[in-house]
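Student: I would like to learn how to read a few features of a protein model. Please take them one at a time.

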Amino acid sequence: LRADLKEIEKKLTTAKRNAADLNKFQAKMKEAEAQFKLAMRKLPEKEEIPSLLTSISDSGQHVGLEFLLFEPKAEKPKEFYAEIPVAMSIKADYHNLAIFFDQVARLSRIVNIRDIQIGLTKGKDTKELSTKCTAVTYKFIETPPKKEKKSKSKKKPRKKKKK
């Protein structure tokens, strides 16, 4: 009986410790859910992609950039999100280019500028830069719930009618 009592007391101690940690784990879970919701707000929905691309383009035009190329590329699916790249070729001076990158960084949605290549444009007394880069935005891919496999019913193939 004493051995049983010791074992039951151990289980009770472990259960009390787990119960005390439960509130801590629930708080962590709520925090993680809040962070997830915040991240989801930063990922555009499918319908919002054109307006997001328009706001990127408008940001550049307001600063005085000259877009030589603004070409949305094919979506690249990843695990739970998809990348939507936009190839850009821009002509602008250094300060306006920096202001443009800053404005893109301040958009409400996640947009990263990658693969930046900057060069001077040739010409007399020009201080313009020729810049090639890729703006990448993201969208959440909601995976549909897996359907249970239906029972396999053997269907007989239809015979072709002879004419």
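Tutor: Start with accessibility: a residue is buried under 20% relative accessible area, exposed over 50%, and partly exposed in between. The model shown here is predicted. Phe70 has 26% relative accessibility, so Phe70 counts as partly exposed.

Student: Is Phe100 buried or exposed?

Tutor: Phe100 is buried, because its relative accessibility is 0%. Ser89 also falls under the cut-off: with a relative accessible area of 10%, Ser89 is buried.

Student: How much confidence does the model carry overall?

Tutor: The mean pLDDT of the protein is 80, and 79% of the residues reach 70 or more. Residues 149–155 have pLDDT below 50, and this stretch has zero contacts in the model beyond near neighbours in sequence. Where pLDDT is low, the predicted coordinates should not be read in detail.

Student: How do I read a pair of aromatic rings?

Tutor: Such a pair is described by the distance of the ring centres and the angle of the planes. In this structure the count comes to four aromatic pairs. Take Phe67 and Phe70: the ring centres are 5.5 Å apart and the planes stand at 80 degrees, so this pair is edge-to-face.

Student: What are the distance and angle for Phe67 and Phe100?

Tutor: The centres of Phe67 and Phe100 are 6.0 Å apart, with 80 degrees between the planes, and the pair is edge-to-face. This pair links distant parts of the chain, as Phe67 lies in strand β1 (residues 66–72) and Phe100 in helix α3 (residues 94–105), 33 residues apart.

Student: Which residues make up the aromatic cluster?

Tutor: Phe67, Phe70, Phe100 and Phe101 form one cluster.

Student: Which residues does Phe100 touch, not counting those up to four places away in sequence?

Tutor: Phe100 touches Ile56, Ser59, Gly60, Val63, Leu65, Phe67, Met88 and Ile90. A C-alpha distance is another way to look at the fold around this residue. Between Phe100 and Asp58, 42 residues apart along the chain, the C-alpha separation is 9.8 Å.

Student: Where is Ser89 placed, and what is Ser89 in contact with?

Tutor: Ser89 belongs to strand β3 (residues 81–93). Leaving aside neighbours within four places in sequence, Ser89 is in contact with Glu66, Phe67, Leu68, Leu69, Thr131 and Lys132.

How values were computed. Residues numbered from 1 in each chain as written. Predicted model: local features only at pLDDT ≥ 70, side-chain atom pairs only at ≥ 80, totals over all residues. Heavy atoms only, no water. pLDDT = per-residue confidence, 0-100. Contact = heavy atoms within 4.5 Å. Phe/Tyr/Trp six-rings, centres within 6.5 Å; stacked < 30°, edge-to-face > 60°. Buried < 20%, exposed > 50% of the residue type's maximum accessible area, 1.4 Å probe, protein only. Helix = DSSP H or I, 4+ residues; strand = E, 2+ residues; numbered from the N terminus.
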